[in-house]
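Biologist: Please show me the sequence and the model, and then we can go through the side-chain packing by question and answer.

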Amino acid sequence: MACGWGGGRGRPGRPPRREDAASPWPFVGMAGMAAVFFLYAASGPVTPWWGQALLLAFWALLLLVAAAWWSLHPTWVPWVPVVGFVVLFATVVAGAAWWGWAD
């Protein structure tokens, strides 16, 4: 018994996925990179100038990685801003605890 799209193949009620359809995951990852950028840029009051410069350089490196993975590994791109957030959080907390950045 055929039901839905595609003559009974696949999931009923959904059209079959095109082979050349774009994955939404790189777009999600780049939106995450934009959100993480604001956190990196806003960390200036609690980091010294050289720490801020290193953090922004690291964010730029993450942006290059995300752009390189856009077509190669589209499902990996959303993990790049997650890594960026974890590194930022750990760096700012360690800087405040060990190096007195927040003083």
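Biologist: How many aromatic pairs does the structure hold?

Modeller: This is a predicted model, in which local features need pLDDT of at least 70, side-chain atom pairs count only at pLDDT 80 or more, and totals for chains, interfaces and linings use all residues. Residues are numbered from 1 along each chain as its sequence is written, and side-chain values use heavy atoms, with hydrogens and water left out. Rings of Phe, Tyr and Trp (its six-membered ring) pair if their centres lie within 6.5 Å; planes under 30 degrees apart are stacked, over 60 edge-to-face, and the rest tilted. By that rule, the number of aromatic pairs in the structure is 8.

Biologist: Which kind of pair do F27 and W70 form?

Modeller: A pair of aromatic rings is described by the distance of the centres and the angle of the planes. For F27 and W70 the centres are 4.8 Å apart and the planes make 80 degrees, and the pair is edge-to-face.

Biologist: How many residues apart in sequence are the parts that F27 and W70 tie together?

Modeller: Helices (H or I, at least four residues) and strands (E, at least two) are DSSP runs, numbered from the N terminus. F27 belongs to helix 1 (residues 25-42) and W70 to helix 2 (residues 49-72), so the pair links parts whose separation in residues is 43.

Biologist: Which residues form one aromatic cluster with W50?

Modeller: The cluster consists of Trp residues.

Biologist: Which residues does L55 contact beyond its neighbours within four places in sequence?

Modeller: Contact means heavy atoms within 4.5 Å, and L55 is one of the residues of the largest core. With those neighbours left aside, L55 is in contact with Y40, S43, T47, L88 and T91.

Biologist: Is Q52 buried or exposed?

Modeller: Q52 is in helix 2. Beyond its neighbours within four places in sequence, Q52 contacts Y40, A41, S43, G44 and T47. Its relative accessible area is 12%, so Q52 is buried.

Biologist: What separates the C-alpha atoms of G29 and V80?

Modeller: G29 is part of helix 1 and counts as buried, at 0% relative accessibility. Not counting residues up to four places away in sequence, G29 touches V77, P78 and P81. G29 and V80 are 51 residues apart along the chain, and their C-alpha atoms are separated by 6.9 Å.

Biologist: How far apart in space are V46 and A96, C-alpha to C-alpha?

Modeller: V46 sits in the loop between helix 1 and helix 2 and is partly exposed, with a relative accessible area of 33%. Leaving aside its neighbours within four places in sequence, V46 is in contact with V92, W101 and A102. V46 and A96 are 50 residues apart in sequence, and their C-alpha distance is 7.8 Å.

Biologist: What is the area of the nonpolar surface patch that includes F85?

Modeller: Patches are made of residues with over 30% relative accessible area and no salt bridge, like charges being joined within 9 Å and nonpolar side chains (Val, Leu, Ile, Met, Phe, Trp, Tyr) within 5 Å; a salt bridge is a side-chain nitrogen of Lys or Arg within 4 Å of a carboxyl oxygen of Asp or Glu. F85 lies in helix 3, which gives the largest share of the patch, 6 residues. Accessible areas come from the Shrake-Rupley method with a 1.4 Å probe; for residues, only the protein chains shown count as cover. The patch, made by L39, W79, V82, F85, V86, F89 and V93, has an area of about 690 Å².

Key: Core = buried A, V, L, I, M, F, W, Y, C linked by side-chain atoms within 4.5 Å. Buried < 20%, exposed > 50% of the residue type's maximum accessible area, 1.4 Å probe, protein only.
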